[in-house]
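Please read the points below with the model open beside them.

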Amino acid sequence: MSCSSCHAGAGLEKDSSPLVGVTAIYPEYISRSDEMVTMEERINGCMVRSMNGEPFAEDDEDLDAMVAYLTYISEGIPVNADLEWRKINTMEDVPTPDVANGEELFQQSCIACHAQDGSGTGSNTGPALWGDGSFNDGAGLARMSNMAGYIQNNMPKGNEKSLSDQEAADLAAFVLSQDRPEFDKHDSDWPGGGRPSDAMTKERRDAVKDGTINWDEVLGNTKGISE
Ligand code: HEC
Ligand code: HEC
């Protein structure tokens with residue numbers, strides 16, 4: 001994975017979780033950690049979850065360089081501006097998914113870039129959708145509402161916005177029921193309450209496999225921050 005695997009075009013692509021303006025917003029209150037989070041801490045949030053990597057040290061030059069870049073692409077945007085392109089990839093009402101149909105759609109529309117086994121063809125041609133090289137289950141995209149919304153807005157690349165809510169939900173459920181790295185600090189998230197219900201954890205992946213998944217429970221409370 002690279003940052004551009006999800007923030008396409010180095011965070012400039014309008015529909016793909018764009019990062020234009022973020023330095024005008026942070027520090028921001030994040031309910032997942034129930035505290036004010038700095039730009040540096042937010043980047044590290046993506047490092048340890050979405051990138052399934054190690055956090056940058058506070059004085060890491062690469063971290064400074066990333067903040068400098070984000071500041072550059074946010075130039076001219078007023079502090080706390082209401083950015084209409086922010087947090088647009090969350091589907092509000094996710095229909096009950098059909099995983100088998102999701103698999104079929106995946107075979108038709110996704111394997112050319114993401115490979116049959118989901119391991120991808122490269123971080124900028126089609127990053128890993130599951131398996132060791134993908135994001136872990138503490139990432140924002142490991143939630144059904146975010147994955148379905150992201151897929152519908154951005155995929156299949158070249159033919160974006162062609163999938164119905166149902167198709168995007170089916171694909172999200174198929175992708176998120178495959179194995180991926182586990183986040184080891186789920187219990188410390190949402191210390192102030194409000195935990196959304198739709199993270200596809202190992203327990204849920206196993207429940208899809210053995211046919212005991214309760215989608216009503218998964219999709220019961222998808223409110224909360226997107227990542
Ligand atoms: C697997 C996908 C994925 C990868 C890889 C990823 N991110 Fe993110 N990132 C997200 C999602 C999803 C959000 C939440 C976006 C939203 O709220 O709409 C997010 C949010 C952010 C935000 C906060 C944006 C905001 O509006 O509050 C920053 C900053 C950020 N990412 C930086 C990075 C950086 C830097 C990297 C690479 C080190 C990275 N991300 C890698 C998925 C990813
Ligand atoms: C033509 C190539 C192509 C096709 C077809 C395609 N993708 Fe992608 N996908 C990409 C690229 C490239 C990225 C990296 C982000 C970007 O550039 O938009 C990406 C990123 C993603 C991501 C976020 C990063 C990650 O690894 O999780 C998901 C999820 C995703 N695609 C799902 C799908 C699904 C589901 C389909 C089929 C409906 C699909 N893609 C079809 C090229 C493709």
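1. The protein chain exposes about 11,400 Å². Carbon and sulfur atoms supply 50% of that area. Accessible areas come from the Shrake-Rupley method with a 1.4 Å probe, and for residues only the protein chains shown count as cover. The chain carries 17 positive and 41 negative side chains. The centres of the two sets lie 2 Å apart. Lys and Arg count as positive, Asp and Glu as negative; His and the chain ends are not counted. Each charge is placed at NZ of Lys, CZ of Arg, CG of Asp or CD of Glu.

2. A word on conventions. This is a predicted model, where local features need pLDDT of at least 70 and side-chain atom pairs count only at pLDDT 80 or more, while totals for chains, interfaces and linings use all residues. Residues are numbered from 1 along each chain as its sequence is written, chains are lettered from A and ligands numbered from 1 in the order in which they are written, and side-chain values use heavy atoms, with hydrogens and water left out.

3. The protein chain has 10 helices and 2 strands. Helices (H or I, at least four residues) and strands (E, at least two) are DSSP runs, numbered from the N terminus. In sequence order the pattern is α-α-β-β-α-α-α-α-α-α-α-α.

4. How does the radius of gyration fit a compact globule? It agrees, because a compact globule of 227 residues would have a value near 17 Å and the protein chain has 17 Å. The radius is taken over C-alpha atoms, and the globule rule is 2.2 Å times the number of residues to the power 0.38. The C-alpha trace spans about 45 × 40 × 30 Å along its principal axes.

5. Of the 227 residues, 49% are buried. Buried means under 20% relative accessible area, exposed over 50%, and partly exposed in between (1.4 Å probe, protein chains only). Contact means heavy atoms within 4.5 Å. Among contacts with a separation of 6 or more, 66% join residues 24 or more positions apart.

6. Helix α3 (residues 39-48) is mostly covered, with 7 of its 10 residues buried. Those are M39, R42, I43, N44, G45, C46 and M47. They pack against α2 (22-25), β1 (28-30), β2 (35-37) and α4 (61-73).

7. The largest nonpolar core has 34 residues. Such a core is a set of buried Ala, Val, Leu, Ile, Met, Phe, Trp, Tyr and Cys residues joined through side-chain atoms within 4.5 Å. M144, M147 and W215 have the most contacts inside it. Elements giving two or more residues are α5 (99-109), α7 (144-154), α8 (165-176), α9 (202-209) and α10 (215-218). Helix α8 gives the largest share, 8 residues. Leaving out residues up to four places away in sequence, W215 touches T96, P97, V99, M144, A173, M200 and V208. A second, separate core of 17 residues includes V22, I25, Y26 and V37.

8. Now the backbone. Most residues other than glycine have a negative phi, and most peptide bonds are trans. The bond from Y26 to P27 is cis, with omega near 0°. P27 lies in the loop between α2 and β1. The bond from M155 to P156 is also cis, with omega near -10°. P156 lies in the loop between α7 and α8.

9. K161 is not a glycine, yet has a positive phi of about 60°. K161 sits in the loop between α7 and α8, and is partly exposed at 47% relative accessible area. W190 also has a positive phi, near 50°. W190 sits in the loop between α8 and α9, and is buried at 11%.
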